[in-house]
Protein chains: 4
Amino acid sequence: MRDIQADKDKRNIEIQKVGVKNIKYPILVLDKKNEQQHTVANINMYVDLPHHFKGTHMSRFVEVLNQYHGKISVKNFGKILAEMRTHLKAESAHFELEFPFFMEKSAPVSGAKGLIDYTCRFSGSSNSTEQDFIVSVAVPVTSLCPCSKEISERGAHNQRSIVNVSFRFSKFTWIEDIIALVEESASCEIYSLLKRPDEKYVTEKAYDNPRFVEDLVREVYLRMDKLESVSWFSIEAENFESIHNHSAYAYVEKG
Amino acid sequence: MRDIQADKDKRNIEIQKVGVKNIKYPILVLDKKNEQQHTVANINMYVDLPHHFKGTHMSRFVEVLNQYHGKISVKNFGKILAEMRTHLKAESAHFELEFPFFMEKSAPVSGAKGLIDYTCRFSGSSNSTEQDFIVSVAVPVTSLCPCSKEISERGAHNQRSIVNVSFRFSKFTWIEDIIALVEESASCEIYSLLKRPDEKYVTEKAYDNPRFVEDLVREVYLRMDKLESVSWFSIEAENFESIHNHSAYAYVEKG
Amino acid sequence: MRDIQADKDKRNIEIQKVGVKNIKYPILVLDKKNEQQHTVANINMYVDLPHHFKGTHMSRFVEVLNQYHGKISVKNFGKILAEMRTHLKAESAHFELEFPFFMEKSAPVSGAKGLIDYTCRFSGSSNSTEQDFIVSVAVPVTSLCPCSKEISERGAHNQRSIVNVSFRFSKFTWIEDIIALVEESASCEIYSLLKRPDEKYVTEKAYDNPRFVEDLVREVYLRMDKLESVSWFSIEAENFESIHNHSAYAYVEKG
Amino acid sequence: MRDIQADKDKRNIEIQKVGVKNIKYPILVLDKKNEQQHTVANINMYVDLPHHFKGTHMSRFVEVLNQYHGKISVKNFGKILAEMRTHLKAESAHFELEFPFFMEKSAPVSGAKGLIDYTCRFSGSSNSTEQDFIVSVAVPVTSLCPCSKEISERGAHNQRSIVNVSFRFSKFTWIEDIIALVEESASCEIYSLLKRPDEKYVTEKAYDNPRFVEDLVREVYLRMDKLESVSWFSIEAENFESIHNHSAYAYVEKG
């Protein structure tokens with residue numbers, strides 16, 4: 001059978017990324033407490049395509065993926081990228097994973113346990129001379145408006161916020177540590193199971209720690225900036241305002 | 001050219017609904033204050049298919065739609081359904097529209113004006129003997145937790161909630177009136193533009209009017225139940241909890 | 001601390017469903033080939049609320065969920081529903097799970113293996129006298145248009161379709177068997193990994209088995225109707241048309 | 001009332017972007033054929049925040065938006081950005097709009113008319129010395145696989161693809177012209193209303209013009225590269241494969 005993809009292409013256009021997108025796949029990820037956890041990822045895999053080839057061989061992406069079934073992890077990212085470049089005869093490769101990551105948390109007073117899900121993203125690229133790897137984690141927290149508290153005689157509007165931190169690191173960094181650092185930057189952290197004494201605690205804690213969306217990104221910035229193992233980071237926060245039908249948003253990046 | 005759709009089908013299975021789904025289309029809707037407003041709808045159109053036909057004629061749905069371009073409204077629903085039944089030679093027809101509906105609101109103290117969007121849905125069906133028409137509107141509001149207020153020394157968690165009301169009516173009913181009724185049932189209504197005196201007002205008003213998700217649906221129920229023109233309704237409320245990563249939810253229906 | 005939820009409510013409105021929505025949770029599901037598989041679910045849990053109570057106790061839903069951590073399965077649905085009714089002192093309970101389910105499939109010619117994900121949904125309800133349980137599975141397939149094939153001198157438009165089957169059963173039924181039955185009803189089934197001889201096979205198979213969206217639901221209907229263990233079913237199919245920017249849709253139900 | 005936002009901030013962190021996100025708003029956009037059309041946008045508005053201020057004044061974004069109600073257009077982008085910088089006392093401003101854009105198209109043989117929606121995005125930034133403006137448009141088309149056609153005795157798998165083109169320009173460029181250019185780069189363009197002779201035409205045309213996802217981005221590249229008014233562009237294409245449950249994807253950029 002003729003291999004059309006291998007045909008010569010005369011349009012003289014190199015393609016930066018070509019591959020497969022939105023593959024759902026069960027994966028195992030490292031877990032500080034339980035060694036590893038099962039979850040389900042959304043996966044994208046791309047390589048470059050030199051100008052003289054008509055097409056890439058799409059089935060080979062899934063072959064590489066299957067080869068690492070049950071072995072996809074931060075530690076294997078470099079190998080997976082190298083394997084993609086070899087198997088697809090490409091100069092550069094890109095591998096992206098997005099998945100829910102679960103952590104058990106104890107309620108602040110009762111100690112009642114519950115799971116919280118955090119959306120994580122691993123994004124790696126490599127070519128023959130360079131490698132890049134970015135981790136992102138989206139942390140839901142409570143934010144309470146400092147202005148609303150200051151000007152009102154009672155109460156203060158508050159809401160769920162999502163703080164998304166992306167970072168590059170020189171030394172292995174646990175997602176759990178980044179999550180903890182974000183949670184202590186907020187008005188209060190979020191739980192899945194709260195009994196009444198816990199609810200009193202989180203209500204008062206949020207009221208005592210008002211944070212604008214600007215404060216959220218700055219507080220996280222201060223803490224990220226102290227991590228010697230982190231060489232670059234960006235922070236974005238979105239507040240799903242309880243008094244509006246739109247969000248408040250802030251973004252900051254450390255170059 | 002052969003008309004395959006008109007072929008005889010021997011599987012002896014009548015199909016309840018067949019048609020087109022997720023058509024985006026600009027529409028004009030009635031507006032109590034400005035007579036009408038331009039918006040964009042997502043449209044589904046279905047008819048039944050008798051067991052002896054192999055297929056329906058999909059292009060005819062879009063023909064009916066085009067015939068009513070600029071004239072799609074509550075008032076024309078009956079005609080559109082009748083036209084679908086005629087043009088597609090069907091017994092029954094279903095027509096569904098979902099669209100954002102905009103209302104200008106004045107902030108409670110400063111009077112500053114802003115637009116709020118509400119997701120509306122019209123859903124109509126008819127056959128030779130019966131006709132049915134349901135209107136739905138999703139209203140974003142603020143809810144403040146009565147339990148959190150009661151047990152805490154200061155503050156109370158609150159959040160954006162969406163209250164979705166669906167109803168059948170015997171007399172024309174303005175969406176605007178249903179929206180107003182839902183907004184007065186909440187801890188506080190939502191605005192797009194609030195100056196500081198307004199923010200103080202909505203903060204204190206929400207604090208003074210705590211509502212569980214259960215209270216939201218019950219308060220709306222009481223008000224809907226008084227409308228003589230409404231023959232059936234259902235109410236659902238979802239609170240995007242500021243202290244959890246999941247929602248609180250309630251549903252009630254009047255038969 | 002005062003229990004506001006237990007307060008007497010005088011509005012005299014019973015609430016049909018109240019609870020928690022959109023909880024993400026890791027679960028284990030039964031798997032015909034590998035006994036069980038790890039996946040991640042989206043969970044809703046509701047009970048009724050008698051008219052004389054002000055609120056339900058939301059934290060108890062998560063307590064019931066945690067009690068069944070690692071043990072959520074079709075077999076335990078009855079127990080979970082009973083536990084919800086007891087723990088929340090309710091008359092009726094509703095438990096809904098939605099999750100991706102993975103199956104390994106071999107390519108039709110090369111035998112190359114790959115995983116396909118199917119979105120499944122379990123939805124159970126119970127009160128003191130009755131119990132109801134519905135399973136749904138969404139199966140992606142290829143559909144090829146019979147009309148396009150008939151009237152064109154070469155080629156025929158085809159596309160990805162999603163066929164969603166919901167059913168009640170009197171005897172345990174494997175999701176895998178329903179998936180197989182849907183896949184054989186389509187123009188061709190879908191794979192994640194196809195080598196060139198496989199691609200030739202699926203292209204020609206789809207061309208040789210043209211199916212309207214109406215044919216999809218009727219072919220599945222014929223096969224579902226033969227299952228003695230199935231007491232009720234509905235089938236809907238959506239074709240993401242390659243020649244339009246909207247879908248073709250069909251729905252059929254066996255009462 | 002105290003203006004907390006104007007408080008001095010000592011954390012010494014400048015915020016690159018802060019503002020409002022996901023505001024739904026009715027807008028008027030320029031239309032080559034009908035002068036203008038009504039549609040509904042999703043809007044984001046951000047400014048920078050110097051390190052010495054605690055917060056920005058969120059209500060002012062909506063004030064600027066309201067000032068341009070009915071006058072939001074490519075031509076006013078510069079003015080809107082300048083107004084944002086003035087009104088919010090900021091160095092830089094960002095304004096983003098995403099909206100469905102409608103075009104009437106005539107079917108290729110019958111001439112039957114129908115509307116197609118294209119998702120457009122305007123994204124502008126400015127500070128005291130520079131200004132940037134990017135237009136994006138997502139065009140749905142049909143793609144037919146060259147490999148499948150070549151190796152199969154009959155038929156060829158095809159699917160809906162979305163080609164997303166982003167560009168900067170030195171001279172006003174109609175969205176309609178970019179859409180036309182993308183549509184002629186595909187296996188076939190998409191219509192909302194096709195009668196049988198049209199369906200024959202598009203089926204055969206797609207079969208006669210097979211395109212990989214790589215071909216889609218290269219064919220669009222060739223055409224974009226000829227436009228002297230375009231100073232930068234990127235092209236991405238996603239094929240919603242009819243034979244897989246994932247997409248094929250390609251991205252190319254001209255620096």
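Me: How many salt bridges are there between domain 1 of chain A and domain 2 of chain A?
Reply: The count is three salt bridges, where a salt bridge is a side-chain nitrogen of Lys or Arg within 4 Å of a carboxyl oxygen of Asp or Glu. This is a predicted model, where local features need pLDDT of at least 70, side-chain atom pairs count only at pLDDT 80 or more, and totals for chains, interfaces and linings use all residues. Residues are numbered from 1 along each chain as its sequence is written, chains are lettered from A and ligands numbered from 1 in the order in which they are written, and side-chain values use heavy atoms, without hydrogens and water.

Me: Which residue does Glu96(A) form a salt bridge with?
Reply: Arg121(A), with the closest N and O atoms 3.3 Å apart.

Me: Where are the two domains of chain A?
Reply: Domain 1 covers 1-98 and domain 2 covers 107-255; these bounds come from an automatic or database domain assignment. Their C-alpha centres lie 31 Å apart.

Me: OK, switching to chain B and chain D. How many residues does the contact take from each?
Reply: It takes 28 residues from chain B and 28 residues from chain D, contact meaning heavy atoms within 4.5 Å.

Me: And what area do chain B and chain D bury between them?
Reply: About 2400 Å², 64% of it on carbon and sulfur atoms. Buried area is the accessible area (1.4 Å probe) that two parts lose on being put together, summed over both.

Me: Which residues in chain B lose the most area to chain D?
Reply: Met1(B), Lys24(B) and Arg196(B), together 24% of what that side buries.

Me: How many salt bridges are found across that interface?
Reply: Four. One of them joins Glu63(B) and Lys195(D), at 2.9 Å from N to O.
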